[in-house]
Amino acid sequence: QNTINQIAAGEVIDRPASIVKELMENSIDAGADKISVEIKDGGTKLIRITDNGCGIDRDDIKTAFLRHATSKIKSVEDLMVVSSLGFRGEALSSIAAVCQVELITKTQDSFVGCKYTIEGGKEKGLEEIGAPDGTTFLVRNIFFNTPARRKFLKTPQTEAGYISEIVERIALSHPEIAINFINNGQPKLHTPGNGNLKDVIYNIYGREITNNLIEINEECEFAHLKGFIGKPLISKGNRTFENYFVNGRYIKSTILTKAIEEAFAPVMMQHKYPFTVLHLKINSDLLDVNVHPSKMELRFRNGKDLYPWIVEVLSEAIIEKPKIPQ
Ligand code: ADP
Ligand code: MG
């Protein structure tokens, strides 16, 4: 049973960054508006995630760590709709299978919190403890029991970089959540959680980019596109400055990338890519959802209409608004 769990775990959890992603998504699902993430040694030694969400009832704690335990899918149809972030019920069991986990959680209705410890899938204890409302996960020593996997981890610095990307994407997709990220005791990111996307962009990318943004906010019968793009001079030699979110999820999408690059083409130098933080809202009937956990690529059923609409919205914004310095 443990071996099966460890193998399955490897598909969901391949590095510290995937733990951070799964746990932050759970915090979001739990309704948190404050999440703090602390890591040591690229998350290989320690990941601590604290939220002020709904907490987990004492009676539900053990179940939450079972494979395919999810409080989030009610029917098979739900699986086709990407409304709730978590829908697989595999994250906690997978993390617990390959790490040393301590959970401290308290719901509002309960007078006292609970501390639950589980290591390599083996329960170590459940006890009452004083705690604030919400949930803290302490995850130590990833792959402590699977040395073969541990060998595939990169340097702590590189792993910290992957985590940083995840935290930034989540911050960009949730400006209404205050996010705090600390790496080896150093504050790396703090977003105010005031709902203002521009403030999040400022905290991640700094003043120059923030001062050179064009705001996008357009709607048509089938979609709503909202966010910011960089003025033509703000660009980079690769696509790391392009952020797309569809219905709140960070995704990669060839059609979005192409549409944006086509819109920018008249003003962009060769081999340069724009800065974008764009949120597309679209009816989920129009999405081809790939349910594989790690797939971020998404297909649109109405690509033929979507593509020209995005090119048009962005082209107009780029051509009308920027004042290009002399
Ligand atoms: P999923 O998110 O797909 O439901 P997980 O394994 O990630 O599966 O989590 C299992 C269950 O544990 C969730 O359905 C939820 O009920 C509970 N849970 C996990 N993290 C939190 C949290 N931070 N706050 C409240 N409940 C949580
Ligand atoms: Mg989850």
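The model is predicted, with local features needing pLDDT of at least 70, side-chain atom pairs pLDDT 80 or more, and totals for chains, interfaces and linings using all residues. Residues are numbered from 1 along each chain as its sequence is written, and chains are lettered from A and ligands numbered from 1 in the order written.

Q: How is the packing of two helices described?
A: Two packed helices are described by the angle between their axes and the distance between the axes. Axes are lines fitted to C-alpha atoms over the stretch in contact, and angles run from 0 to 180 degrees between N-to-C directions. Helix 2 (residues 16–29) and helix 6 pack at about 20 degrees, axes 8 Å apart. They are therefore roughly parallel (angles under 35 degrees).

Q: Which residues of helix 2 and helix 6 make the contact?
A: Contact means C-beta atoms, placed from the backbone, within 7 Å. Helix 2 gives Pro16, Ala17, Val20, Lys21 and Met24. Helix 6 gives Glu159, Tyr162, Ile163, Ile166, Val167 and Ile170.

Q: What should helix 6 span?
A: The expected span is 1.5 Å times one less than the number of residues. For the 18 residues of helix 6 (residues 156–173) that is 26 Å; the end C-alpha atoms are 26 Å apart, which agrees.

Q: Where is Asp41, and why does Asp41 count as partly exposed?
A: Buried needs 20 or more other C-beta atoms within 10 Å, exposed 12 or fewer, partly exposed lies in between; C-beta atoms are placed from the backbone. Asp41 is in the loop between strand 1 (34–40) and strand 2 (46–51). Asp41 counts as partly exposed because it has 15 C-beta neighbours inside 10 Å. Its phi is positive, near 50 degrees, in a residue other than glycine.

Note on methods: Helices (H or I, at least four residues) and strands (E, at least two) are DSSP runs, numbered from the N terminus. Angles under 35 degrees count as roughly parallel, over 145 as roughly antiparallel, 65 to 115 as roughly perpendicular and the rest as oblique. Two residues are in contact if their C-beta atoms, placed from the backbone, lie within 7 Å.
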